[in-house]
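Hi everyone. Today I want to talk about charged side chains and who pairs with whom. Please have a look at the structure with me.

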Amino acid sequence: MSESPSPEALPVIGASMAAFAALAAQGSFTVNPHGGQALLKPIRDLVAWIDRERRVFDRLRQVPMLGSSNNAEVMKPFMQKVAGDEAGFITQLLALRESLIVAEQAVTEAMAHYQEADDQAANQFGER
């Protein structure tokens, strides 16, 4: 499953993460190493979980085996749509994964800015 969700899949979270990354790139905020690691661990854990579950996502996209009753025939396409259309669970989860990657990069960058600011402060202190 190598497809990537469209940027519109999670417009609010996607836009928020883009803004978060832009602020981090500008150096608008910093994150100390301890706080950064506290943010990075759950981000990386969730990305790893999503990656591990991709086979399950493929199964959710398949026609469910509900039998051949009228109700089952009505539910089958509905369940596939809920799982995998543009607003479906899988699409949204994959868009969340992409947002988490952006967040991880932003936190890493903010940690680097913290280190730079700390080094500059130490240099100024040492010069006085």
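Start with Glu73 and Lys76. Their side chains meet in a salt bridge, with N and O 3.1 Å apart. Keep in mind that this is a predicted model. Where do Glu73 and Lys76 lie? Both are in helix 4, which covers residues 70-84. They sit three residues apart, and that is about one turn of the helix.

Now, buried or exposed? Take Lys76 first. Its relative accessibility is 14%, so Lys76 counts as buried, because the cut-off for buried is under 20%. Glu73 has a relative accessible area of 40%, so Glu73 is partly exposed.

Next pair: Asp45 and Lys41. They form a salt bridge too, and here the closest N and O atoms are 2.6 Å apart. Look at helix 2, residues 33-52. Asp45 and Lys41 are four residues apart in that helix, so about one helical turn separates them. Lys41 is at 52% relative accessibility, so Lys41 counts as exposed. Asp45 is at 40%, and that makes Asp45 partly exposed.

Arg97 is buried, with a relative accessible area of 15%. Glu98 is partly exposed, at 33% relative accessibility. Which residues join Arg97 and Glu98 in one network? Asp51 and Arg54 do, through salt bridges that share partners.

And how many salt bridges does the structure hold? Six. That's my tour. Thanks.

Conventions. Residues are numbered from 1 along each chain as its sequence is written. This is a predicted model: local features need pLDDT of at least 70, side-chain atom pairs count only at pLDDT 80 or more; totals for chains, interfaces and linings use all residues. Side-chain values use heavy atoms; hydrogens and water are left out. A salt bridge is a side-chain nitrogen of Lys or Arg within 4 Å of a carboxyl oxygen of Asp or Glu. Helices (H or I, at least four residues) and strands (E, at least two) are DSSP runs, numbered from the N terminus. Buried means under 20% relative accessible area, exposed over 50%, partly exposed in between (1.4 Å probe, protein chains only).
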